[in-house]
Amino acid sequence: ICYCLCSRSTMALKILQQKIVSFTNMEKITSSMKMVAAAKMKGTETRLKGGKAFGARVTFAAFPQETWTDDQLEEDVTIGLNTESDHNSFLTICSDRGLCGGVNTQVSKATRLSMDKLLAEGKDGTINIFGEKARGTLERFFPDKLGCTMDEGWQEVPSFAVASAVVSRLLVENPDRVHIVFNKFKSAIAYQPTIFNCENYHKFNETALEAGSDIIYPAHLADYEFEPENSTESLQNMYEFSLAGATYFGMIESQASEESSRMAAMDNASKNAGELIEKYTLRFNRARQAAITTELIEIISGAAALEG
C-alpha cells in the first residue's frame, strides 16, 4: 500500500512539473511573438501614415462614404452596407496567419451578415477573399457564392501594385458594386470592421447610351473636369484606379489592425501563462511538501515501532 501511495504521489509531482515546464515555454514563445509584433507594428504604422494620405483621398473622392458613429458601427457592423445594386461583389481582406485575436473573425462576421442581408432583399453577390483565415468560415456558410481566394498575398508589404492585381481579378465579374470589408485601425488596442461601398460607373454609361445622350457622370463628380470630355474610357479608368486605391487603403488598415491585435493577444497569452505557472508551482510545492511529510511520518513510525 505504501509503495502504491508513493508511486501515485511521484506521478502527480511529475505531471505538475511537466505542466510548469510547458507553460514556461509557452510564456517564452508568446513573449517573443509580442516583441516581434511590436517591432513590425512600428513599420506598419509608418506605412499606414504615408499610404493613408493617398488611399483615403482617392477612396473618398471617388466613392463617397456615409459617416457613422463608433457606437452605431459596434451595434451593427453592416450599417454601412449599400443594398441598391443587384449584382454585388465582396472583397474580404483578412490575414494569412492566426494568433492575432479576433481580426479575422470580425471581417468574416461582417461579410456573412452583409451577404445574408443582400440575399434577404433578393440581391445577388459573390465573395472574394484576400488572405487565408476567413476562407474556412465563409466557405462553410456560402459554398456556392465564393469567387476567387488569394493566398500568400502578405508575403510582401502591401503596395498599390498588389492592390491593382487584386482589383484585376474582381473586374472580371464586372459587378455593379464592390464592397471592401476590412478592419480599420483605430489605436494600438482597438480596430473597427468597416465596409467600403464602391459603385461601378458603368451603369451611368449604360443609362446615357440607352437615352441616346452624352455620358452621364456620377453626381459627386459633377464639379470635376475630364480629359477627354464625355469619354467612357476615362470614366472606366478612373473607376479602376480608384477601386485599386480603396483596396490599398483597406490592406494597410488591415495590416495595422492585425499587428496591433497580435501584440495584444500575445501580451494576454503571456500574462495567462504566467498566472498558470504561479498556480501550478504552488500546487507542486504543496504536493512536494505533503510527500516529504508523509515520508518523515513513515520513518518516524518505523523507528518507533523498532524501539517498541
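Visitor: Which residues line the largest cavity?

Guide: The model is a predicted one. In it, the lining of the largest cavity draws on several parts of the chain and consists of Ile93, Cys94, Ser95, Val103, Asn104, Val107, Trp154, Asn183, Ser254, Gln255, Ser257 and Glu258.

Visitor: How many residues of each class does that lining have?

Guide: The lining includes residues such as Val107, Asn183 and Glu258. Sorted by class, it has one charged, five nonpolar and six polar residues.

Visitor: Which helix gives the largest share of the lining?

Guide: Two helices, H3 (103–120) and H7 (232–307), each supply at least two lining residues. The largest share is four residues, and the helix that provides it is H7.

Visitor: How much space lies in the largest cavity?

Guide: With a threshold of 30 Å³ or more, the count comes to one cavity. The space in the largest cavity is about 60 Å³.

Visitor: Which strands stand at the edges of the sheet?

Guide: The sheet is open and mixed in its pairing, with five strands in the order E3-E2-E1-E4-E5. An edge strand has a single partner, so one of its sides is left without a neighbour in the sheet; this applies to E3 (146–150) and E5 (190–199). From one strand to the next, the twist averages 20°.

Visitor: Which residue in E4 stands opposite Thr92?

Guide: Strand E1 (residues 87–93) runs parallel to strand E4 (residues 177–187), and five bridges join them. Opposite Thr92, the residue in E4 is Val181.

Note on methods: Residues numbered from 1 in each chain as written. Predicted model: local features only at pLDDT ≥ 70, side-chain atom pairs only at ≥ 80, totals over all residues. Heavy atoms only, no water. 1 Å grid on protein atoms, 1.4 Å probe; cavity = no way out; pocket = protein on both sides within 12 Å on 5 of 7 lines; lining within 4 Å. Points joined across faces, edges and corners; volume = space filled by probe spheres on them. Nonpolar A, V, L, I, M, F, W, Y, C, P; charged D, E, K, R; others polar. Pairing = 2+ DSSP bridges. Axes fitted to C-alpha atoms, helices over the stretch in contact; angles between N-to-C directions.
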